[in-house]
Amino acid sequence: MSLTVVGSIAFDAVKSPFGEREKMLGGAAVHFSLAASFFTDVRVVGPVGDDFGDDEYGVLHGRGVNTDDIEHVEGGETFFWKAHYEFDMNTAHTEDTRLGVFGEFEPKLSDASRSSDVLFLANIQPDVQRGVREQCPDVRIAGLDSMNLWIDTARDSLVQTIGGVDLLFLNDAELRMLTGEANLVKASRAVMEMGPSTVVAKQGEYGAALFTADGFFALPAYPLETVVDPTGAGDSFAGGFLGYLASRSEASDEELRRAMTYGSTLASFNVEEFGTERVSRLAREEIDERYSEFERMTALAGLPA
Ligand code: AMP
(Lines give C-alpha, C1' and ligand atoms only; values in the text may rest on other atoms or scores of the structure.)
Protein backbone atom coordinates (compact mmCIF):
# COMPACT_ATOMS: atom_id res chain seq x y z
CA MET A 1 0.00 0.00 0.00
CA SER A 2 1.27 3.49 -0.74
CA LEU A 3 0.36 7.09 -0.22
CA THR A 4 1.21 10.32 -2.05
CA VAL A 5 1.09 13.75 -0.43
CA VAL A 6 1.31 17.06 -2.27
CA GLY A 7 1.87 20.30 -0.38
CA SER A 8 4.26 22.73 1.21
CA ILE A 9 7.82 21.83 2.10
CA ALA A 10 9.12 24.68 4.21
CA PHE A 11 11.48 26.34 6.57
CA ASP A 12 9.60 27.63 9.60
CA ALA A 13 10.58 30.25 12.18
CA VAL A 14 8.44 29.70 15.26
CA LYS A 15 8.26 31.28 18.69
CA SER A 16 6.06 29.85 21.44
CA PRO A 17 5.92 30.59 25.18
CA PHE A 18 8.33 27.66 25.57
CA GLY A 19 11.13 28.68 23.23
CA GLU A 20 11.88 29.48 19.63
CA ARG A 21 13.56 28.22 16.46
CA GLU A 22 14.79 30.56 13.72
CA LYS A 23 14.85 28.11 10.84
CA MET A 24 13.65 24.56 11.07
CA LEU A 25 12.28 22.01 8.64
CA GLY A 26 8.51 22.29 8.30
CA GLY A 27 5.69 22.44 5.79
CA ALA A 28 2.39 20.63 5.71
CA ALA A 29 3.64 17.87 3.38
CA VAL A 30 6.67 17.22 5.60
CA HIS A 31 4.69 16.91 8.84
CA PHE A 32 2.15 14.73 7.07
CA SER A 33 4.80 12.45 5.49
CA LEU A 34 6.68 11.79 8.69
CA ALA A 35 3.49 10.83 10.54
CA ALA A 36 2.17 8.62 7.71
CA SER A 37 5.53 6.87 7.31
CA PHE A 38 4.87 4.71 10.38
CA PHE A 39 2.07 2.90 8.53
CA THR A 40 2.73 2.84 4.79
CA ASP A 41 5.12 3.80 1.95
CA VAL A 42 5.00 7.56 1.47
CA ARG A 43 5.91 9.69 -1.55
CA VAL A 44 6.13 13.45 -1.01
CA VAL A 45 5.61 15.97 -3.81
CA GLY A 46 6.52 19.64 -3.51
CA PRO A 47 9.10 22.25 -4.54
CA VAL A 48 12.30 23.25 -2.73
CA GLY A 49 15.08 25.76 -3.43
CA ASP A 50 18.86 25.73 -3.21
CA ASP A 51 18.71 26.20 0.57
CA PHE A 52 17.15 22.74 1.00
CA GLY A 53 20.02 20.35 1.58
CA ASP A 54 21.19 16.99 2.82
CA ASP A 55 20.12 17.61 6.43
CA GLU A 56 16.53 18.21 5.37
CA TYR A 57 16.44 15.28 2.95
CA GLY A 58 18.03 13.25 5.74
CA VAL A 59 15.03 13.78 8.03
CA LEU A 60 12.65 12.47 5.35
CA HIS A 61 14.91 9.59 4.31
CA GLY A 62 15.40 8.72 7.97
CA ARG A 63 11.72 7.76 8.02
CA GLY A 64 11.89 6.05 4.63
CA VAL A 65 9.91 8.77 2.81
CA ASN A 66 10.42 8.69 -0.97
CA THR A 67 11.60 12.13 -2.17
CA ASP A 68 12.00 11.39 -5.91
CA ASP A 69 9.13 13.79 -6.72
CA ILE A 70 10.51 16.71 -4.71
CA GLU A 71 11.21 19.34 -7.34
CA HIS A 72 14.47 21.22 -6.81
CA VAL A 73 14.19 24.66 -8.45
CA GLU A 74 17.68 25.96 -9.33
CA GLY A 75 18.33 29.42 -7.91
CA GLY A 76 15.10 29.38 -5.90
CA GLU A 77 14.35 29.67 -2.19
CA THR A 78 12.27 27.22 -0.20
CA PHE A 79 8.88 28.41 1.15
CA PHE A 80 9.39 30.25 4.44
CA TRP A 81 6.80 30.77 7.17
CA LYS A 82 7.24 32.75 10.40
CA ALA A 83 4.72 32.67 13.23
CA HIS A 84 4.33 32.92 16.98
CA TYR A 85 1.94 31.43 19.50
CA GLU A 86 0.66 33.04 22.67
CA PHE A 87 -0.53 31.12 25.73
CA ASP A 88 -3.61 30.05 23.76
CA MET A 89 -1.69 27.80 21.44
CA ASN A 90 -4.67 26.96 19.26
CA THR A 91 -3.99 29.99 17.07
CA ALA A 92 -0.83 30.61 15.07
CA HIS A 93 -0.12 34.32 14.50
CA THR A 94 1.57 34.53 11.10
CA GLU A 95 4.26 37.22 10.89
CA ASP A 96 5.74 36.49 7.48
CA THR A 97 5.11 34.19 4.51
CA ARG A 98 7.68 34.07 1.70
CA LEU A 99 6.38 31.83 -1.08
CA GLY A 100 9.71 31.44 -2.89
CA VAL A 101 9.56 28.43 -5.22
CA PHE A 102 6.06 27.63 -3.96
CA GLY A 103 4.68 30.66 -5.85
CA GLU A 104 5.23 29.04 -9.27
CA PHE A 105 4.48 25.48 -8.18
CA GLU A 106 2.83 23.34 -10.86
CA PRO A 107 2.85 19.79 -9.50
CA LYS A 108 3.94 17.13 -11.96
CA LEU A 109 3.47 13.68 -10.52
CA SER A 110 5.54 10.70 -11.67
CA ASP A 111 3.71 7.51 -12.65
CA ALA A 112 4.66 6.01 -9.29
CA SER A 113 3.11 8.91 -7.36
CA ARG A 114 0.01 8.89 -9.54
CA SER A 115 -0.59 5.22 -8.88
CA SER A 116 -0.59 5.35 -5.06
CA ASP A 117 -3.66 3.94 -3.26
CA VAL A 118 -4.20 7.06 -1.18
CA LEU A 119 -3.71 10.75 -2.02
CA PHE A 120 -3.52 13.68 0.40
CA LEU A 121 -3.90 17.22 -0.92
CA ALA A 122 -2.35 19.32 1.82
CA ASN A 123 -3.33 22.95 2.17
CA ILE A 124 -2.52 24.71 -1.12
CA GLN A 125 -4.42 26.79 -3.66
CA PRO A 126 -7.58 24.79 -4.57
CA ASP A 127 -7.04 24.96 -8.37
CA VAL A 128 -3.64 23.36 -7.83
CA GLN A 129 -5.19 20.70 -5.58
CA ARG A 130 -7.79 19.92 -8.23
CA GLY A 131 -5.09 19.62 -10.90
CA VAL A 132 -3.33 17.01 -8.77
CA ARG A 133 -6.57 15.13 -8.09
CA GLU A 134 -7.16 14.93 -11.86
CA GLN A 135 -3.69 13.41 -12.34
CA CYS A 136 -4.65 10.57 -9.97
CA PRO A 137 -8.03 9.27 -11.17
CA ASP A 138 -7.54 5.78 -9.74
CA VAL A 139 -6.76 6.46 -6.08
CA ARG A 140 -8.79 4.50 -3.54
CA ILE A 141 -9.06 7.37 -1.06
CA ALA A 142 -8.42 11.09 -1.60
CA GLY A 143 -8.24 13.47 1.38
CA LEU A 144 -7.95 17.24 1.48
CA ASP A 145 -7.05 20.00 3.92
CA SER A 146 -7.56 23.72 3.36
CA MET A 147 -7.61 26.99 5.28
CA ASN A 148 -9.56 30.21 5.86
CA LEU A 149 -7.50 32.06 3.21
CA TRP A 150 -8.92 29.88 0.39
CA ILE A 151 -12.45 29.90 1.81
CA ASP A 152 -12.22 33.71 1.67
CA THR A 153 -10.53 34.16 -1.68
CA ALA A 154 -11.32 31.06 -3.80
CA ARG A 155 -14.47 29.55 -2.33
CA ASP A 156 -16.03 28.38 -5.62
CA SER A 157 -12.86 26.62 -6.70
CA LEU A 158 -12.47 25.08 -3.24
CA VAL A 159 -16.04 23.73 -3.27
CA GLN A 160 -15.42 22.21 -6.71
CA THR A 161 -12.20 20.63 -5.45
CA ILE A 162 -13.89 19.29 -2.32
CA GLY A 163 -16.42 17.66 -4.68
CA GLY A 164 -13.65 15.36 -5.94
CA VAL A 165 -12.38 13.98 -2.61
CA ASP A 166 -13.63 11.37 -0.14
CA LEU A 167 -12.44 12.94 3.06
CA LEU A 168 -12.22 16.55 4.23
CA PHE A 169 -10.10 17.68 7.19
CA LEU A 170 -10.86 21.20 8.42
CA ASN A 171 -10.86 22.89 11.78
CA ASP A 172 -14.26 23.66 13.25
CA ALA A 173 -14.13 27.41 12.57
CA GLU A 174 -13.24 26.74 8.92
CA LEU A 175 -16.11 24.25 8.57
CA ARG A 176 -18.54 26.90 9.82
CA MET A 177 -17.03 29.48 7.50
CA LEU A 178 -17.15 27.18 4.46
CA THR A 179 -20.76 26.13 4.92
CA GLY A 180 -22.33 29.11 6.68
CA GLU A 181 -23.71 26.67 9.26
CA ALA A 182 -23.06 27.50 12.93
CA ASN A 183 -23.79 23.93 14.01
CA LEU A 184 -21.04 21.41 13.28
CA VAL A 185 -23.42 18.51 12.61
CA LYS A 186 -25.24 20.61 10.00
CA ALA A 187 -21.95 21.92 8.63
CA SER A 188 -20.71 18.34 8.12
CA ARG A 189 -23.91 17.36 6.36
CA ALA A 190 -23.50 20.36 4.08
CA VAL A 191 -19.94 19.23 3.23
CA MET A 192 -21.20 15.71 2.48
CA GLU A 193 -23.63 17.24 -0.01
CA MET A 194 -20.59 18.71 -1.79
CA GLY A 195 -19.11 15.20 -2.23
CA PRO A 196 -16.96 13.79 0.60
CA SER A 197 -18.38 10.82 2.53
CA THR A 198 -16.30 11.61 5.63
CA VAL A 199 -15.63 14.88 7.43
CA VAL A 200 -13.10 15.37 10.21
CA ALA A 201 -13.50 18.50 12.31
CA LYS A 202 -10.19 19.34 14.00
CA GLN A 203 -10.58 21.10 17.31
CA GLY A 204 -7.00 21.77 18.41
CA GLU A 205 -6.37 20.96 22.06
CA TYR A 206 -9.98 19.74 22.37
CA GLY A 207 -9.49 16.87 19.93
CA ALA A 208 -11.34 15.95 16.77
CA ALA A 209 -14.78 14.81 15.63
CA LEU A 210 -15.60 12.42 12.79
CA PHE A 211 -18.80 12.58 10.74
CA THR A 212 -19.87 9.90 8.24
CA ALA A 213 -23.21 9.16 6.54
CA ASP A 214 -24.51 7.21 9.55
CA GLY A 215 -21.81 7.59 12.15
CA PHE A 216 -20.28 10.00 14.62
CA PHE A 217 -17.16 9.61 16.72
CA ALA A 218 -15.18 12.08 18.79
CA LEU A 219 -11.89 11.87 20.59
CA PRO A 220 -10.24 14.30 22.99
CA ALA A 221 -6.65 15.34 22.36
CA TYR A 222 -4.15 13.34 24.41
CA PRO A 223 -3.81 15.20 27.73
CA LEU A 224 -0.21 16.38 27.49
CA GLU A 225 1.28 18.42 30.31
CA THR A 226 3.57 20.32 27.98
CA VAL A 227 2.79 21.48 24.49
CA VAL A 228 5.89 23.16 23.07
CA ASP A 229 5.00 23.87 19.43
CA PRO A 230 1.60 23.07 17.85
CA THR A 231 2.86 23.73 14.29
CA GLY A 232 1.95 20.85 12.03
CA ALA A 233 -0.40 19.16 14.51
CA GLY A 234 -3.21 19.10 11.95
CA ASP A 235 -0.92 17.66 9.26
CA SER A 236 0.49 15.02 11.62
CA PHE A 237 -3.08 14.14 12.53
CA ALA A 238 -4.00 13.71 8.86
CA GLY A 239 -0.77 11.74 8.29
CA GLY A 240 -1.48 9.27 11.08
CA PHE A 241 -5.11 9.01 9.98
CA LEU A 242 -4.56 8.46 6.23
CA GLY A 243 -1.33 6.50 6.71
CA TYR A 244 -3.24 4.01 8.83
CA LEU A 245 -6.13 3.84 6.33
CA ALA A 246 -3.66 3.26 3.48
CA SER A 247 -2.45 0.16 5.32
CA ARG A 248 -5.99 -1.28 5.60
CA SER A 249 -8.17 -2.79 2.93
CA GLU A 250 -11.35 -0.89 3.78
CA ALA A 251 -12.47 2.39 5.34
CA SER A 252 -15.35 1.08 7.48
CA ASP A 253 -16.65 3.17 10.41
CA GLU A 254 -14.58 0.94 12.74
CA GLU A 255 -11.39 1.53 10.77
CA LEU A 256 -12.14 5.25 10.68
CA ARG A 257 -12.32 5.27 14.49
CA ARG A 258 -8.92 3.62 14.67
CA ALA A 259 -7.62 6.11 12.12
CA MET A 260 -8.88 8.97 14.36
CA THR A 261 -6.93 7.46 17.25
CA TYR A 262 -3.70 7.06 15.26
CA GLY A 263 -4.12 10.62 13.96
CA SER A 264 -4.56 11.96 17.49
CA THR A 265 -1.58 9.92 18.68
CA LEU A 266 0.76 11.28 16.00
CA ALA A 267 -0.46 14.85 16.55
CA SER A 268 0.20 14.53 20.28
CA PHE A 269 3.83 13.52 19.71
CA ASN A 270 4.32 16.26 17.12
CA VAL A 271 3.48 19.07 19.56
CA GLU A 272 5.80 17.85 22.32
CA GLU A 273 8.83 19.48 20.69
CA PHE A 274 9.61 22.02 17.95
CA GLY A 275 8.95 21.22 14.30
CA THR A 276 9.79 17.67 13.27
CA GLU A 277 12.13 17.05 16.22
CA ARG A 278 9.94 14.61 18.14
CA VAL A 279 8.35 12.66 15.31
CA SER A 280 11.65 12.13 13.49
CA ARG A 281 12.96 10.07 16.41
CA LEU A 282 9.68 8.44 17.37
CA ALA A 283 9.47 4.64 17.68
CA ARG A 284 6.54 2.48 16.63
CA GLU A 285 6.28 1.05 20.18
CA GLU A 286 5.68 4.55 21.57
CA ILE A 287 2.79 4.97 19.12
CA ASP A 288 1.26 1.65 20.15
CA GLU A 289 1.61 2.52 23.83
CA ARG A 290 -0.13 5.86 23.43
CA TYR A 291 -2.84 4.26 21.27
CA SER A 292 -3.55 1.87 24.19
CA GLU A 293 -3.73 4.82 26.57
CA PHE A 294 -6.35 6.36 24.30
CA GLU A 295 -8.29 3.09 24.50
CA ARG A 296 -8.19 3.11 28.30
CA MET A 297 -8.97 6.84 28.50
CA THR A 298 -12.10 6.60 26.38
CA ALA A 299 -13.48 3.17 27.41
CA LEU A 300 -17.10 3.33 28.47
CA ALA A 301 -18.46 0.15 26.95
CA GLY A 302 -18.10 -2.69 29.44
CA LEU A 303 -17.90 -0.44 32.53
CA PRO A 304 -20.45 -1.31 35.24
CA ALA A 305 -23.31 1.21 35.12
P1 AMP B 1 -0.61 23.88 10.62
O2 AMP B 1 0.05 23.87 11.96
O3 AMP B 1 -1.50 22.71 10.37
O4 AMP B 1 -1.24 25.21 10.30
O5 AMP B 1 0.54 23.70 9.54
C6 AMP B 1 1.71 24.43 9.65
C7 AMP B 1 2.62 24.16 8.47
O8 AMP B 1 2.01 24.66 7.29
C9 AMP B 1 3.94 24.90 8.67
O10 AMP B 1 5.00 23.97 8.76
C11 AMP B 1 4.05 25.86 7.49
O12 AMP B 1 5.30 25.77 6.84
C13 AMP B 1 2.94 25.47 6.55
N14 AMP B 1 2.18 26.65 6.06
C15 AMP B 1 1.92 27.81 6.69
N16 AMP B 1 1.21 28.65 5.89
C17 AMP B 1 1.01 27.98 4.72
C18 AMP B 1 0.35 28.30 3.48
N19 AMP B 1 -0.24 29.49 3.27
N20 AMP B 1 0.34 27.35 2.51
C21 AMP B 1 0.93 26.16 2.70
N22 AMP B 1 1.58 25.81 3.83
C23 AMP B 1 1.62 26.69 4.84
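These legends go with several close-up views of the structure above. The model is predicted, so local features are described where pLDDT is at least 70 and side-chain atom pairs where pLDDT is 80 or more, while totals for chains, interfaces and linings use all residues. Numbering starts from 1 along each chain as its sequence is written, and side-chain values use heavy atoms, with hydrogens and water left out.

View 1. The structure holds 15 aromatic pairs, a pair being two rings of Phe, Tyr or Trp (its six-membered ring) with centres within 6.5 Å; planes under 30 degrees apart count as stacked, over 60 as edge-to-face, and the rest as tilted. Phe 120 and Phe 169 make one of these pairs, edge-to-face, with 5.9 Å centre to centre and 85° between the planes. The two partners come from distant parts of the chain, 49 residues apart: Phe 120 sits in strand 8 (residues 118–121) and Phe 169 in strand 10 (residues 167–171). Phe 120 has 1% relative accessibility, so it counts as buried; the cut-offs are under 20% relative accessible area for buried, over 50% for exposed and partly exposed in between, with a 1.4 Å probe and protein chains only.

**View 2. Phe 169 again, now with Phe 241.** What is the relative accessible area of Phe 169? It is 0%, so Phe 169 is buried. Its ring also pairs with that of Phe 241: the centres are 5.3 Å apart and the planes are at 85°, so this pair is edge-to-face. Here too the pair links distant parts of the chain, from Phe 169 in strand 10 to Phe 241 in helix 9 (residues 233–246), 72 residues apart. Both Phe 169 and Phe 241 are buried.

**View 3. Two arginines over phenylalanine rings.** Arg 63 lies over the face of Phe 38, 3.6 Å from the ring centre. Arg 290 has its charged end over the ring of Phe 269, at 3.8 Å from the centre. To count, NZ of Lys or CZ of Arg has to be within 6 Å of the ring centre and within 35 degrees of the ring normal.

**View 4. Around the ligand.** Which residues come nearest to the ligand? Of the 15 residues around it, they are Ser 8, Asp 12, Gly 27, Gly 232 and Asp 235, where a residue is near if one of its heavy atoms lies within 4 Å. Ser 8 has a polar side-chain atom 2.9 Å from a nitrogen atom of the ligand, and Asp 12 has one 2.5 Å from an oxygen atom of the ligand. Gly 232 uses its backbone instead, with an N or O atom 2.7 Å from an oxygen atom of the ligand. On its own the ligand has 500 Å² of accessible area, and the protein covers 81% of that (Shrake-Rupley method, 1.4 Å probe). Strand 2 (10–16), helix 1 (28–36) and strand 6 (79–84) are the elements that give two or more residues to the shell.

**View 5. Thr 94 in strand 7.** Thr 94 lies in strand 7 (residues 93–98). Its relative accessible area is 49%, so Thr 94 is partly exposed. His 84 is 10 residues from Thr 94 along the chain, with 6.7 Å between their C-alpha atoms.

View 6. Lys 108 counts as exposed at 57% relative accessibility, whereas Phe 105 is buried at 9%.

Key: Helix = DSSP H or I, 4+ residues; strand = E, 2+ residues; numbered from the N terminus. Polar contact = N/O pair within 3.5 Å; in protein donor to acceptor, adjacent residues only side chain to side chain.
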